[in-house]
Amino acid sequence: PLRARPVLKAIGWAGVGIAGIGLLIETLADEQKLAAKREAPRLPVMDGLFSYCRHPNYFGEFLFHCGISCMGISGTPIQVAACVFPTFFMAF
């Protein structure tokens, strides 16, 4: 069987962390928006993560997919394609 080089393994594990951070950002942003819209439904959300970025939930989603792409790098060519192509569909 093919074995991943240590550098590729490290990139794969970094991808796990990046994907986890992306999910955390996405979840926090969704919860902050839900709380703000319950308080003032007609006003735009300007607190929390929304004070740094206009769409932090989409940023978290993009980070998640970048992490998945990093995880796929250490796999076989078909695994790489399955993990990397969805990120490009989101970006372009």
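1. The accessible surface of the chain comes to about 6900 Å², and 69% of this area belongs to carbon and sulfur atoms. Accessible areas are calculated by the Shrake-Rupley method with a 1.4 Å probe; for residues, only the protein chains shown count as cover.

2. This is a predicted model, in which local features need pLDDT of at least 70 and side-chain atom pairs count only at pLDDT 80 or more, while totals for chains, interfaces and linings use all residues. Residues are numbered from 1 along each chain as its sequence is written, and side-chain values use heavy atoms, with hydrogens and water left out.

3. The chain contains 3 helices and 0 strands, arranged along the sequence as α-α-α. The radius of gyration is 17 Å, well over the 12 Å that the globule rule gives for 92 residues, so the chain is more spread out than a compact globule. Helices (H or I, at least four residues) and strands (E, at least two) are DSSP runs, numbered from the N terminus. The radius of gyration is taken over C-alpha atoms, and the globule rule is 2.2 Å times the number of residues to the power 0.38.

4. Along its principal axes, the C-alpha trace spans about 55 × 25 × 15 Å. Of the 92 residues, 21% are buried; buried means under 20% relative accessible area, exposed over 50%, and partly exposed in between (1.4 Å probe, protein chains only).

5. Take the contacts between residues at least 6 apart in sequence: 62% of them join residues at least 24 apart. A contact means heavy atoms within 4.5 Å.

6. Cys66 is in helix H2 (residues 56-72). Cys66 counts as partly exposed because its relative accessibility is 22%.

7. How many disulfides does the count come to? The count is 0 disulfides, where a disulfide is a pair of cysteine sulfur atoms within 2.5 Å. For the sulfur of Cys66, the closest cysteine sulfur is in Cys70, at 7.0 Å, which is too far for a bond. Seen from Cys70, the closest cysteine sulfur is that of Cys66, again at 7.0 Å and too far for a bond.

8. Ser69 is also found in helix H2. Is Ser69 buried or exposed? Ser69 counts as buried because its relative accessibility is 10%. Leaving aside residues up to four places away in sequence, Ser69 touches Cys83, Val84 and Thr87.
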